[in-house]
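Morning, everyone. I have one structure to walk through today.

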Amino acid sequence: MIELRGVHKRFGAQVVLDGVDFTVEQGETVALLGPSGTGKSVLLKHIIGLLLPDSGEVMVDGLSVPELPRNELARLRHRVGYAFQMGALFDSMTVYENIRLGIAEESCYRDKGFCDARVAECLRLVNLAPEVARKMPAELSGGMKKRAGIARAIAGEPSYLLYDEPTSGLDPVNADAMDALIGQLQEELHVTSVVVSHDVRGSFHVADRIALLHEGKIRLAGRSEEFMATQDPVVREFLDRDFQLLQARH
Amino acid sequence: MESVSTTAELPVHVRMPRAFARPVLSACTHVGRFGMMLVELARALPEWRQWLPRTFEQCENVGYGSLFIVMLTAGFAGAVTSLQAGYQFTGSVPLYIMGAVVAESIILELGPVLTGLILGGRIGARYAAELGTMRVTEQIDALEALGRNPFSHLLLPRILAGVVMVPVLVMVANVTGLFTGWLAAKGSLGISDLDFAYGSRYFFRPFDLWYSLIKAEVFGIVVTVIPCYVGFTADQGAEGVGRAATRAVVLSSVTLLILDTVLAKLLL
(Lines give C-alpha, C1' and ligand atoms only; values in the text may rest on other atoms or scores of the structure.)
Protein backbone atom coordinates (compact mmCIF):
# COMPACT_ATOMS: atom_id res chain seq x y z
CA MET A 1 0.00 0.00 0.00
CA ILE A 2 1.22 3.49 -0.90
CA GLU A 3 0.19 6.38 1.29
CA LEU A 4 1.11 10.06 1.11
CA ARG A 5 -0.10 12.30 3.91
CA GLY A 6 0.17 16.09 3.87
CA VAL A 7 3.14 16.10 1.52
CA HIS A 8 4.60 19.53 0.79
CA LYS A 9 7.35 20.16 -1.73
CA ARG A 10 8.71 23.40 -3.13
CA PHE A 11 11.57 24.22 -5.47
CA GLY A 12 12.83 27.68 -4.57
CA ALA A 13 9.79 29.94 -4.45
CA GLN A 14 7.64 27.55 -6.49
CA VAL A 15 5.27 25.43 -4.44
CA VAL A 16 4.71 22.15 -6.30
CA LEU A 17 2.97 19.95 -3.74
CA ASP A 18 0.89 21.76 -1.16
CA GLY A 19 -0.34 19.15 1.27
CA VAL A 20 -1.03 16.13 -0.92
CA ASP A 21 -3.00 13.22 0.52
CA PHE A 22 -2.92 10.23 -1.81
CA THR A 23 -3.51 6.52 -1.20
CA VAL A 24 -3.10 3.47 -3.43
CA GLU A 25 -4.49 0.20 -2.12
CA GLN A 26 -2.78 -3.13 -2.73
CA GLY A 27 -3.49 -4.55 -6.17
CA GLU A 28 -5.29 -1.55 -7.65
CA THR A 29 -4.31 0.70 -10.53
CA VAL A 30 -4.63 4.41 -9.86
CA ALA A 31 -4.30 7.05 -12.56
CA LEU A 32 -2.94 10.37 -11.39
CA LEU A 33 -4.22 13.05 -13.73
CA GLY A 34 -3.40 16.69 -14.09
CA PRO A 35 -2.21 19.23 -16.59
CA SER A 36 1.49 19.34 -17.47
CA GLY A 37 3.65 20.96 -14.81
CA THR A 38 1.36 20.34 -11.84
CA GLY A 39 3.82 18.06 -10.05
CA LYS A 40 2.58 14.58 -10.98
CA SER A 41 6.08 13.28 -11.71
CA VAL A 42 7.37 15.02 -8.58
CA LEU A 43 4.77 13.13 -6.55
CA LEU A 44 5.73 9.86 -8.22
CA LYS A 45 9.42 10.42 -7.41
CA HIS A 46 8.55 10.87 -3.74
CA ILE A 47 7.19 7.32 -3.65
CA ILE A 48 10.62 5.79 -4.28
CA GLY A 49 12.62 8.45 -2.48
CA LEU A 50 14.13 10.10 -5.55
CA LEU A 51 12.79 13.30 -4.03
CA LEU A 52 12.24 13.97 -0.34
CA PRO A 53 9.26 15.93 0.95
CA ASP A 54 9.76 19.23 2.77
CA SER A 55 7.11 17.97 5.17
CA GLY A 56 4.52 15.22 5.32
CA GLU A 57 4.69 11.44 5.22
CA VAL A 58 5.40 9.04 2.37
CA MET A 59 4.70 5.43 3.32
CA VAL A 60 5.14 2.30 1.20
CA ASP A 61 4.23 -1.04 2.79
CA GLY A 62 4.17 0.74 6.14
CA LEU A 63 7.74 2.02 5.74
CA SER A 64 8.46 5.73 5.89
CA VAL A 65 10.41 6.28 2.65
CA PRO A 66 12.23 9.53 3.63
CA GLU A 67 13.52 7.95 6.83
CA LEU A 68 14.80 4.68 5.37
CA PRO A 69 18.54 4.03 5.58
CA ARG A 70 20.29 3.55 2.24
CA ASN A 71 20.29 -0.26 2.23
CA GLU A 72 16.63 -0.51 3.12
CA LEU A 73 15.72 2.14 0.57
CA ALA A 74 17.55 0.08 -2.09
CA ARG A 75 15.59 -3.01 -0.99
CA LEU A 76 12.33 -1.07 -1.21
CA ARG A 77 13.27 0.18 -4.68
CA HIS A 78 13.77 -3.42 -5.78
CA ARG A 79 10.07 -3.94 -5.04
CA VAL A 80 9.03 -0.87 -7.02
CA GLY A 81 9.41 -0.67 -10.81
CA TYR A 82 9.58 2.84 -12.26
CA ALA A 83 8.91 3.41 -15.97
CA PHE A 84 10.29 6.82 -16.87
CA GLN A 85 8.63 9.22 -19.27
CA MET A 86 11.26 8.93 -22.01
CA GLY A 87 12.39 5.46 -21.03
CA ALA A 88 15.62 6.76 -19.39
CA LEU A 89 17.51 3.83 -20.92
CA PHE A 90 21.26 3.86 -20.38
CA ASP A 91 22.44 4.90 -23.81
CA SER A 92 25.86 3.28 -23.54
CA MET A 93 24.27 -0.16 -23.01
CA THR A 94 22.24 -2.46 -25.24
CA VAL A 95 18.57 -3.08 -24.46
CA TYR A 96 19.63 -6.48 -23.05
CA GLU A 97 22.08 -4.88 -20.62
CA ASN A 98 19.50 -2.26 -19.66
CA ILE A 99 16.88 -4.87 -18.79
CA ARG A 100 19.45 -7.06 -17.03
CA LEU A 101 20.29 -4.13 -14.77
CA GLY A 102 16.70 -4.27 -13.55
CA ILE A 103 17.24 -7.74 -12.07
CA ALA A 104 17.43 -7.00 -8.39
CA GLU A 105 18.85 -10.20 -6.91
CA GLU A 106 22.66 -10.08 -7.18
CA SER A 107 23.10 -13.87 -7.63
CA CYS A 108 20.50 -13.87 -10.44
CA TYR A 109 22.13 -10.81 -12.00
CA ARG A 110 25.41 -12.75 -12.28
CA ASP A 111 23.72 -15.89 -13.69
CA LYS A 112 23.84 -15.51 -17.48
CA GLY A 113 21.28 -18.23 -18.14
CA PHE A 114 18.79 -16.65 -15.77
CA CYS A 115 19.41 -13.21 -17.26
CA ASP A 116 18.90 -14.45 -20.84
CA ALA A 117 15.60 -16.07 -19.90
CA ARG A 118 14.41 -13.11 -17.81
CA VAL A 119 15.26 -10.53 -20.49
CA ALA A 120 13.45 -12.62 -23.13
CA GLU A 121 10.42 -12.92 -20.83
CA CYS A 122 10.34 -9.18 -20.12
CA LEU A 123 10.58 -8.37 -23.83
CA ARG A 124 7.70 -10.76 -24.50
CA LEU A 125 5.61 -9.14 -21.77
CA VAL A 126 6.02 -5.69 -23.31
CA ASN A 127 5.44 -7.04 -26.84
CA LEU A 128 8.92 -6.37 -28.16
CA ALA A 129 10.70 -8.77 -30.52
CA PRO A 130 13.64 -10.76 -29.07
CA GLU A 131 16.02 -9.13 -31.59
CA VAL A 132 15.47 -5.79 -29.87
CA ALA A 133 17.67 -7.04 -27.03
CA ARG A 134 20.77 -6.54 -29.17
CA LYS A 135 19.92 -2.98 -30.20
CA MET A 136 21.20 0.22 -28.64
CA PRO A 137 18.57 2.66 -27.28
CA ALA A 138 19.42 5.16 -30.04
CA GLU A 139 18.18 2.62 -32.60
CA LEU A 140 14.70 2.44 -31.03
CA SER A 141 11.59 4.53 -31.71
CA GLY A 142 10.00 6.55 -28.89
CA GLY A 143 7.35 3.90 -28.25
CA MET A 144 9.91 1.09 -28.23
CA LYS A 145 12.05 3.02 -25.75
CA LYS A 146 9.06 3.34 -23.42
CA ARG A 147 8.36 -0.39 -23.73
CA ALA A 148 12.01 -1.25 -23.12
CA GLY A 149 11.90 1.05 -20.07
CA ILE A 150 8.87 -0.84 -18.78
CA ALA A 151 10.64 -4.15 -19.48
CA ARG A 152 13.54 -2.95 -17.32
CA ALA A 153 11.10 -1.84 -14.61
CA ILE A 154 9.47 -5.29 -14.42
CA ALA A 155 12.71 -7.29 -14.69
CA GLY A 156 13.09 -7.37 -10.90
CA GLU A 157 9.54 -8.75 -10.48
CA PRO A 158 8.30 -5.72 -8.51
CA SER A 159 5.15 -5.50 -6.42
CA TYR A 160 4.53 -1.93 -7.53
CA LEU A 161 4.78 -0.32 -10.94
CA LEU A 162 4.96 3.43 -11.36
CA TYR A 163 4.41 4.78 -14.88
CA ASP A 164 5.44 8.34 -15.63
CA GLU A 165 3.46 9.61 -18.63
CA PRO A 166 3.50 6.28 -20.49
CA THR A 167 1.50 7.60 -23.45
CA SER A 168 2.95 11.09 -23.84
CA GLY A 169 4.58 11.67 -27.22
CA LEU A 170 2.90 8.62 -28.76
CA ASP A 171 0.43 8.68 -31.65
CA PRO A 172 -3.16 7.62 -30.76
CA VAL A 173 -2.69 4.07 -32.04
CA ASN A 174 0.48 3.51 -30.03
CA ALA A 175 -1.06 5.27 -27.02
CA ASP A 176 -3.94 2.79 -27.11
CA ALA A 177 -1.46 -0.06 -27.44
CA MET A 178 0.41 1.28 -24.39
CA ASP A 179 -2.84 1.45 -22.39
CA ALA A 180 -3.57 -2.14 -23.41
CA LEU A 181 -0.06 -3.12 -22.31
CA ILE A 182 -0.56 -1.55 -18.87
CA GLY A 183 -3.80 -3.50 -18.50
CA GLN A 184 -2.13 -6.70 -19.69
CA LEU A 185 0.76 -6.29 -17.23
CA GLN A 186 -1.73 -5.66 -14.45
CA GLU A 187 -3.46 -8.94 -15.27
CA GLU A 188 -0.30 -11.01 -15.71
CA LEU A 189 1.86 -9.61 -12.90
CA HIS A 190 -0.83 -8.59 -10.37
CA VAL A 191 1.09 -5.48 -9.42
CA THR A 192 -0.12 -2.32 -7.72
CA SER A 193 0.22 0.48 -10.26
CA VAL A 194 0.25 4.26 -10.36
CA VAL A 195 -0.08 5.78 -13.82
CA VAL A 196 0.78 9.45 -14.10
CA SER A 197 -0.86 10.94 -17.16
CA HIS A 198 -2.68 13.88 -18.65
CA ASP A 199 -4.51 11.56 -21.04
CA VAL A 200 -8.07 11.34 -19.66
CA ARG A 201 -9.33 8.73 -22.08
CA GLY A 202 -6.45 6.34 -21.51
CA SER A 203 -6.60 6.79 -17.72
CA PHE A 204 -10.30 5.95 -17.60
CA HIS A 205 -9.46 2.89 -19.65
CA VAL A 206 -6.68 1.43 -17.47
CA ALA A 207 -7.36 2.64 -13.93
CA ASP A 208 -9.52 1.31 -11.11
CA ARG A 209 -9.44 4.74 -9.51
CA ILE A 210 -8.50 8.20 -10.70
CA ALA A 211 -7.05 11.18 -8.85
CA LEU A 212 -6.74 14.72 -10.16
CA LEU A 213 -3.82 16.83 -8.98
CA HIS A 214 -4.56 20.53 -9.10
CA GLU A 215 -2.53 23.42 -7.63
CA GLY A 216 -0.50 21.08 -5.43
CA LYS A 217 -3.46 19.20 -3.95
CA ILE A 218 -5.56 16.18 -4.88
CA ARG A 219 -8.73 17.85 -6.09
CA LEU A 220 -10.75 14.66 -6.51
CA ALA A 221 -10.01 10.96 -6.13
CA GLY A 222 -12.50 8.26 -6.93
CA ARG A 223 -13.87 5.79 -9.45
CA SER A 224 -14.58 6.86 -13.02
CA GLU A 225 -18.33 7.11 -12.26
CA GLU A 226 -17.61 9.64 -9.51
CA PHE A 227 -15.50 11.67 -11.93
CA MET A 228 -18.26 11.56 -14.51
CA ALA A 229 -20.85 12.68 -11.97
CA THR A 230 -18.90 15.49 -10.31
CA GLN A 231 -19.92 19.08 -10.81
CA ASP A 232 -16.57 20.46 -9.61
CA PRO A 233 -15.78 23.10 -12.28
CA VAL A 234 -12.01 22.41 -12.15
CA VAL A 235 -12.51 18.68 -12.73
CA ARG A 236 -15.18 19.31 -15.35
CA GLU A 237 -12.91 21.69 -17.24
CA PHE A 238 -10.11 19.12 -17.26
CA LEU A 239 -12.43 16.33 -18.42
CA ASP A 240 -14.24 18.41 -21.03
CA ARG A 241 -11.72 17.66 -23.74
CA ASP A 242 -12.62 13.96 -23.80
CA PHE A 243 -16.03 14.21 -22.20
CA GLN A 244 -18.08 13.41 -25.25
CA LEU A 245 -16.08 10.29 -25.94
CA LEU A 246 -16.29 9.15 -22.33
CA GLN A 247 -20.04 9.67 -22.27
CA ALA A 248 -20.33 7.57 -25.39
CA ARG A 249 -18.33 4.80 -23.69
CA HIS A 250 -20.42 4.82 -20.53
CA MET B 1 9.20 42.40 -13.36
CA GLU B 2 7.44 42.94 -10.09
CA SER B 3 10.18 41.25 -8.09
CA VAL B 4 12.87 43.32 -9.86
CA SER B 5 11.22 46.61 -9.01
CA THR B 6 10.61 45.39 -5.46
CA THR B 7 14.29 44.53 -5.02
CA ALA B 8 15.36 47.84 -6.51
CA GLU B 9 13.15 49.65 -4.02
CA LEU B 10 14.87 47.98 -1.08
CA PRO B 11 17.20 50.20 0.95
CA VAL B 12 20.94 49.92 0.30
CA HIS B 13 21.66 48.38 3.71
CA VAL B 14 19.40 45.45 2.73
CA ARG B 15 20.41 45.14 -0.93
CA MET B 16 24.16 45.12 -0.34
CA PRO B 17 24.24 42.22 2.16
CA ARG B 18 21.88 40.32 -0.13
CA ALA B 19 24.21 40.78 -3.09
CA PHE B 20 27.08 39.35 -1.05
CA ALA B 21 25.04 36.67 0.67
CA ARG B 22 23.84 34.95 -2.52
CA PRO B 23 27.26 33.90 -3.88
CA VAL B 24 28.44 33.00 -0.37
CA LEU B 25 25.38 30.81 0.18
CA SER B 26 25.82 29.26 -3.25
CA ALA B 27 29.49 28.53 -2.52
CA CYS B 28 28.58 27.00 0.86
CA THR B 29 25.94 24.83 -0.83
CA HIS B 30 28.50 23.55 -3.33
CA VAL B 31 31.05 22.86 -0.60
CA GLY B 32 28.44 20.90 1.33
CA ARG B 33 27.29 18.91 -1.71
CA PHE B 34 30.89 18.26 -2.74
CA GLY B 35 31.65 17.00 0.77
CA MET B 36 28.58 14.76 0.68
CA MET B 37 29.73 13.37 -2.66
CA LEU B 38 33.13 12.49 -1.18
CA VAL B 39 31.42 10.74 1.74
CA GLU B 40 29.18 8.78 -0.64
CA LEU B 41 32.22 7.82 -2.74
CA ALA B 42 33.95 6.47 0.37
CA ARG B 43 30.80 4.53 1.32
CA ALA B 44 30.64 3.05 -2.18
CA LEU B 45 34.17 1.58 -1.93
CA PRO B 46 33.05 -1.79 -0.48
CA GLU B 47 30.81 -2.32 -3.54
CA TRP B 48 33.85 -3.43 -5.56
CA ARG B 49 31.82 -5.86 -7.68
CA GLN B 50 30.14 -2.83 -9.21
CA TRP B 51 33.04 -0.44 -9.67
CA LEU B 52 35.94 -2.77 -10.48
CA PRO B 53 34.89 -3.97 -13.97
CA ARG B 54 33.75 -0.48 -14.91
CA THR B 55 37.08 0.96 -13.71
CA PHE B 56 38.93 -1.22 -16.24
CA GLU B 57 36.71 0.14 -19.02
CA GLN B 58 37.36 3.71 -17.90
CA CYS B 59 41.11 3.04 -17.57
CA GLU B 60 41.20 2.09 -21.22
CA ASN B 61 39.25 5.23 -22.01
CA VAL B 62 41.49 7.55 -20.02
CA GLY B 63 44.82 5.79 -20.62
CA TYR B 64 44.82 4.38 -24.12
CA GLY B 65 42.40 7.04 -25.38
CA SER B 66 44.60 9.92 -24.19
CA LEU B 67 47.96 8.39 -25.08
CA PHE B 68 48.35 10.05 -28.48
CA ILE B 69 47.44 13.59 -27.42
CA VAL B 70 49.61 13.32 -24.28
CA MET B 71 52.64 12.10 -26.27
CA LEU B 72 52.09 14.76 -28.93
CA THR B 73 51.91 17.56 -26.37
CA ALA B 74 54.88 16.32 -24.35
CA GLY B 75 56.88 15.75 -27.54
CA PHE B 76 56.47 19.32 -28.71
CA ALA B 77 57.02 20.68 -25.20
CA GLY B 78 60.34 18.80 -24.95
CA ALA B 79 61.52 19.98 -28.35
CA VAL B 80 60.56 23.63 -27.73
CA THR B 81 62.19 23.63 -24.30
CA SER B 82 65.37 22.35 -25.85
CA LEU B 83 65.35 24.86 -28.71
CA GLN B 84 64.58 27.85 -26.47
CA ALA B 85 67.22 26.81 -23.94
CA GLY B 86 69.70 26.53 -26.79
CA TYR B 87 68.74 30.03 -28.03
CA GLN B 88 69.26 31.51 -24.55
CA PHE B 89 72.30 29.60 -23.35
CA THR B 90 74.49 28.99 -26.44
CA GLY B 91 77.83 30.72 -25.92
CA SER B 92 77.15 31.62 -22.28
CA VAL B 93 77.06 28.23 -20.52
CA PRO B 94 78.44 24.77 -21.39
CA LEU B 95 76.17 22.84 -23.78
CA TYR B 96 75.69 19.92 -21.42
CA ILE B 97 73.53 22.24 -19.27
CA MET B 98 70.91 21.78 -21.99
CA GLY B 99 70.35 18.24 -20.76
CA ALA B 100 69.73 19.50 -17.23
CA VAL B 101 67.32 22.23 -18.36
CA VAL B 102 65.27 19.84 -20.52
CA ALA B 103 65.18 17.01 -17.95
CA GLU B 104 64.29 19.19 -14.97
CA SER B 105 61.71 21.27 -16.89
CA ILE B 106 59.97 18.19 -18.23
CA ILE B 107 60.02 16.04 -15.09
CA LEU B 108 59.27 18.75 -12.53
CA GLU B 109 56.81 20.91 -14.43
CA LEU B 110 55.91 20.42 -18.07
CA GLY B 111 55.21 16.68 -18.01
CA PRO B 112 52.72 16.70 -15.10
CA VAL B 113 51.14 20.12 -15.72
CA LEU B 114 50.66 19.84 -19.49
CA THR B 115 49.34 16.30 -19.13
CA GLY B 116 47.01 17.44 -16.35
CA LEU B 117 45.68 20.36 -18.41
CA ILE B 118 45.23 18.22 -21.52
CA LEU B 119 43.38 15.56 -19.53
CA GLY B 120 41.36 18.23 -17.74
CA GLY B 121 40.10 19.28 -21.17
CA ARG B 122 39.75 15.84 -22.66
CA ILE B 123 38.35 13.66 -19.91
CA GLY B 124 37.03 16.51 -17.76
CA ALA B 125 34.69 17.74 -20.50
CA ARG B 126 33.77 14.18 -21.35
CA TYR B 127 32.91 13.17 -17.78
CA ALA B 128 30.90 16.33 -17.14
CA ALA B 129 28.99 16.00 -20.43
CA GLU B 130 28.34 12.26 -19.94
CA LEU B 131 27.13 12.59 -16.37
CA GLY B 132 25.26 15.82 -17.11
CA THR B 133 23.41 14.16 -19.98
CA MET B 134 22.64 11.18 -17.77
CA ARG B 135 21.30 13.56 -15.14
CA VAL B 136 19.03 15.54 -17.49
CA THR B 137 17.74 12.43 -19.29
CA GLU B 138 16.88 10.84 -15.91
CA GLN B 139 19.37 7.99 -16.40
CA ILE B 140 20.88 8.67 -12.97
CA ASP B 141 17.38 8.71 -11.44
CA ALA B 142 16.69 5.43 -13.27
CA LEU B 143 19.82 3.87 -11.77
CA GLU B 144 18.72 4.94 -8.28
CA ALA B 145 15.17 3.76 -8.96
CA LEU B 146 16.60 0.31 -9.74
CA GLY B 147 18.11 0.28 -6.25
CA ARG B 148 21.63 0.71 -7.59
CA ASN B 149 24.20 3.13 -6.29
CA PRO B 150 25.24 5.76 -8.89
CA PHE B 151 28.44 6.41 -6.94
CA SER B 152 29.72 2.85 -7.36
CA HIS B 153 28.33 2.48 -10.90
CA LEU B 154 29.24 5.84 -12.41
CA LEU B 155 31.51 8.06 -10.33
CA LEU B 156 33.96 5.76 -8.59
CA PRO B 157 35.12 3.97 -11.80
CA ARG B 158 35.76 7.31 -13.50
CA ILE B 159 37.69 8.75 -10.57
CA LEU B 160 39.74 5.60 -9.94
CA ALA B 161 40.62 5.43 -13.63
CA GLY B 162 42.09 8.93 -13.33
CA VAL B 163 43.94 8.09 -10.14
CA VAL B 164 45.50 5.03 -11.79
CA MET B 165 46.09 6.25 -15.33
CA VAL B 166 47.15 9.91 -14.97
CA PRO B 167 50.47 9.01 -13.24
CA VAL B 168 51.14 6.46 -15.99
CA LEU B 169 50.43 9.07 -18.65
CA VAL B 170 52.64 11.61 -16.90
CA MET B 171 55.54 9.14 -16.91
CA VAL B 172 54.94 8.53 -20.61
CA ALA B 173 54.91 12.30 -21.15
CA ASN B 174 58.18 12.66 -19.22
CA VAL B 175 59.91 10.02 -21.35
CA THR B 176 58.51 11.47 -24.58
CA GLY B 177 59.51 15.02 -23.65
CA LEU B 178 63.03 13.96 -22.74
CA PHE B 179 63.37 12.03 -25.96
CA THR B 180 62.21 14.87 -28.24
CA GLY B 181 64.25 17.35 -26.19
CA TRP B 182 67.34 15.23 -26.77
CA LEU B 183 66.56 14.93 -30.51
CA ALA B 184 66.04 18.69 -30.85
CA ALA B 185 69.23 19.50 -28.93
CA LYS B 186 71.21 17.03 -30.98
CA GLY B 187 69.76 18.20 -34.29
CA SER B 188 69.89 21.97 -33.87
CA LEU B 189 72.71 22.55 -31.40
CA GLY B 190 74.94 19.62 -32.21
CA ILE B 191 75.21 18.49 -28.58
CA SER B 192 76.61 14.98 -28.22
CA ASP B 193 74.64 12.15 -26.66
CA LEU B 194 77.15 11.89 -23.84
CA ASP B 195 76.96 15.61 -23.03
CA PHE B 196 73.16 15.55 -23.00
CA ALA B 197 73.09 12.47 -20.78
CA TYR B 198 75.70 14.00 -18.45
CA GLY B 199 73.71 17.23 -18.17
CA SER B 200 70.47 15.36 -17.57
CA ARG B 201 71.98 13.47 -14.66
CA TYR B 202 73.95 16.43 -13.26
CA PHE B 203 71.05 18.10 -11.40
CA PHE B 204 68.78 15.07 -11.24
CA ARG B 205 67.71 13.68 -7.86
CA PRO B 206 65.48 10.63 -7.42
CA PHE B 207 63.04 12.85 -5.49
CA ASP B 208 62.34 14.70 -8.77
CA LEU B 209 60.58 11.62 -10.08
CA TRP B 210 58.63 11.22 -6.85
CA TYR B 211 57.65 14.88 -7.06
CA SER B 212 56.46 14.34 -10.62
CA LEU B 213 54.44 11.29 -9.50
CA ILE B 214 52.90 13.09 -6.51
CA LYS B 215 51.82 15.92 -8.78
CA ALA B 216 50.42 13.44 -11.29
CA GLU B 217 48.39 11.71 -8.58
CA VAL B 218 46.99 15.00 -7.28
CA PHE B 219 46.18 16.18 -10.80
CA GLY B 220 44.58 12.81 -11.56
CA ILE B 221 42.20 13.39 -8.66
CA VAL B 222 41.52 17.01 -9.65
CA VAL B 223 40.71 16.32 -13.31
CA THR B 224 38.27 13.54 -12.43
CA VAL B 225 36.62 14.49 -9.11
CA ILE B 226 35.70 18.05 -10.13
CA PRO B 227 34.18 17.14 -13.53
CA CYS B 228 32.30 14.24 -11.90
CA TYR B 229 30.81 16.61 -9.31
CA VAL B 230 29.94 19.25 -11.89
CA GLY B 231 28.35 16.72 -14.27
CA PHE B 232 26.52 14.88 -11.50
CA THR B 233 24.90 18.12 -10.30
CA ALA B 234 24.22 19.56 -13.78
CA ASP B 235 21.14 21.74 -14.32
CA GLN B 236 18.30 20.72 -16.54
CA GLY B 237 18.49 20.87 -20.32
CA ALA B 238 21.10 20.92 -23.07
CA GLU B 239 22.29 24.33 -21.92
CA GLY B 240 22.92 22.91 -18.46
CA VAL B 241 25.05 20.12 -19.90
CA GLY B 242 27.06 22.59 -22.00
CA ARG B 243 27.54 24.82 -18.99
CA ALA B 244 28.64 21.83 -16.90
CA ALA B 245 31.26 20.79 -19.48
CA THR B 246 32.71 24.30 -19.67
CA ARG B 247 32.67 24.75 -15.90
CA ALA B 248 34.33 21.37 -15.38
CA VAL B 249 37.26 22.25 -17.65
CA VAL B 250 37.72 25.75 -16.23
CA LEU B 251 37.41 24.67 -12.59
CA SER B 252 39.71 21.68 -12.90
CA SER B 253 42.33 23.68 -14.85
CA VAL B 254 42.36 26.56 -12.36
CA THR B 255 42.45 24.17 -9.38
CA LEU B 256 45.29 22.26 -11.03
CA LEU B 257 47.36 25.41 -11.51
CA ILE B 258 46.75 26.54 -7.92
CA LEU B 259 47.74 23.12 -6.56
CA ASP B 260 50.81 23.13 -8.81
CA THR B 261 52.02 26.25 -7.02
CA VAL B 262 51.08 24.92 -3.58
CA LEU B 263 52.92 21.63 -4.18
CA ALA B 264 56.02 23.44 -5.45
CA LYS B 265 56.06 25.54 -2.29
CA LEU B 266 55.43 22.57 0.01
CA LEU B 267 57.62 19.91 -1.55
CA LEU B 268 60.60 21.67 -3.17
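Start with two helices in chain B. Helix H3 (residues 48-89) of chain B packs against helix H6 (residues 150-189) of chain B. The angle is about 25°, and the axes are 5 Å apart. That makes H3(B) roughly parallel to H6(B), because angles under 35 degrees count as roughly parallel. Axes here are lines fitted to C-alpha atoms, for helices over the stretch in contact, and angles run from 0 to 180 degrees between N-to-C directions. Helices (H or I, at least four residues) and strands (E, at least two) are DSSP runs, numbered from the N terminus.

The crossing of H3(B) and H6(B) is right-handed; that is, the near helix is turned clockwise from the far one by less than a right angle. What sits in that contact? The residues there divide into 25 nonpolar, 19 polar and two charged. By class, Ala, Val, Leu, Ile, Met, Phe, Trp, Tyr, Cys and Pro are nonpolar, Asp, Glu, Lys and Arg are charged, and the others, Gly among them, are polar.

A word on provenance. This is a predicted model: local features need pLDDT of at least 70, side-chain atom pairs count only at pLDDT 80 or more, and totals for chains, interfaces and linings use all residues. Residues are numbered from 1 along each chain as its sequence is written, while chains are lettered from A and ligands numbered from 1 in the order in which they are written.

Now the domains. Chain B has domain 1 (1-44) and domain 2 (49-267), with bounds from an automatic or database domain assignment. Their centres, over C-alpha atoms, are 33 Å apart. Six residues of domain 1 of chain B contact ten residues of domain 2 of chain B. Contact means C-beta atoms, placed from the backbone, within 7 Å. On the domain 1 side, four of those residues are nonpolar, none polar and two charged.

Next, chain B against chain A. Nine residues of chain B are in contact with 14 residues of chain A. The chain B side has three nonpolar, three polar and three charged residues.

Last, chain A. Six strands form an open, mixed sheet in the order E6-E7-E8-E3-E9-E10. Strands pair if DSSP finds at least two bridges between them. Strand E6 (80-83) and strand E10 (217-222) of chain A each have a single partner strand, so one side of each lacks a neighbour in the sheet. E6(A) pairs with strand E7 (residues 160-164) of chain A in the parallel sense, over four bridges.

Conventions. Two residues are in contact if their C-beta atoms, placed from the backbone, lie within 7 Å. Angles under 35 degrees count as roughly parallel, over 145 as roughly antiparallel, 65 to 115 as roughly perpendicular and the rest as oblique.
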